[in-house]
Amino acid sequence: RLAAALIRTKPAPNRWPETVTFDFDTLQFIRPTGVVFLHNLIRWLQAKDCTVSFRNHKKNRPPLNYLRDARFFSTHINSYDMSGSVTRSTTKALVEVRHSASHAWIRRQLIPWISSESGADEASLYGLRSCFSELFNNIRDHTRHDIGSVFAQHFPHEHSIIISLSDMGIGIPRNVRKVRRELGDGDCIVEAVKCGFTTGSVPTNAGMGLDQLLQTVVTTLNGRVSIYSGKGMVACEQRIRGIRSKRLDAVGHCPGTTIEILIRTDRIPKRTDDVEDLEW
């Protein structure tokens, strides 16, 4: 949650506001998904030619220190003073990744970090690696800005890792309504996660990305996938009869799509590379 960081705007007739100022004075708490959501919102406003600025963001308070250490402020303020900031060992700092560089970044940066934090060997994470590659393929296929913003944190005492990915695409509801016009935003997300669902708009996209993500994270790792897009919010969790996609009460609008992936580190299968693969 962003815990109500205030937005002050200077309206302009028949267009987006010329200026938007985020006031961090009342921010009390923020989670990894809040970091990428806020970052993506700022990028979205800037794409609308809005000038974005911050207020009360230099105070020495836990949520602001968290954002500072996550490299959030330095990403948006070129002259930001990073003295005293430390990249926490349990976090993967906020980064923007283009699709063209995504597969190498996943293989060389993200998966080794998950392996180091969870204690699982990288061979146990092949399924996750494939999932993240497919998510970046979706970003390429459904947005003119082929960039995904990623931030991750390990919660050792909770035996979990949260990885949040956000993009500036058209959003899942708008894309699904190309073939299912009658659906609301939340129902569009539920439809999109069904196995084999596709709008048919992109030949290279067979509709397997989100379903593969749910099978790997929810079924295999007993984790959770939460998806925010437009005015829809859906949480996907394991239940006795399979994966349940639960619609949540939306509290606003999410430009593009933000996905929160919670991995249970104590459920990652511990295995090594097959001997025959090594011999080959």
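This is a predicted model: local features need pLDDT of at least 70, side-chain atom pairs count only at pLDDT 80 or more; totals for chains, interfaces and linings use all residues.

Student: Switching topic. How many helices and strands are there?
Tutor: Nine helices and 10 strands.

Student: What order do the strands take in the open sheet?
Tutor: Seven strands run S4-S5-S6-S10-S7-S8-S9, with antiparallel pairing. S4 and S9 (242–247) each have a single partner strand, so one side of each has no neighbour in the sheet. From one strand to the next, the twist averages 15 degrees.

Student: What holds paired strands together, in general?
Tutor: Strands of a sheet pair through backbone hydrogen bonds.

Student: How many bridges link S5 and S6?
Tutor: Seven, in the antiparallel sense. For instance, Phe155 has Ser160 in S6 as its bridge partner.

Student: Which strands does H5 lie across?
Tutor: S4, S5, S6 and S10 (254–264). H5 runs at about 15 degrees to S6.

Student: Now H4. Where is its kink centred?
Tutor: On Trp105. The kink is about 55 degrees, in a helix spanning residues 99–118. Trp105 is also among the buried residues of H4, along with others including Ile106 and Trp113.

Student: What covers those buried residues?
Tutor: The cover includes S4 (91–98), H5 (126–142), S5 (147–155) and S6 (160–167).

Student: What comes just after H4?
Tutor: Gly119, with a positive phi of about 80 degrees.

Conventions: Residues are numbered from 1 along each chain as its sequence is written. Side-chain values use heavy atoms; hydrogens and water are left out. The bend at a residue is the angle between axes fitted to the seven residues ending there and the seven starting there. Helices (H or I, at least four residues) and strands (E, at least two) are DSSP runs, numbered from the N terminus. Buried means under 20% relative accessible area, exposed over 50%, partly exposed in between (1.4 Å probe, protein chains only). Contact means heavy atoms within 4.5 Å. Two strands pair if DSSP finds at least two bridges between them. Axes are lines fitted to C-alpha atoms, for helices over the stretch in contact, and angles run from 0 to 180 degrees between N-to-C directions.
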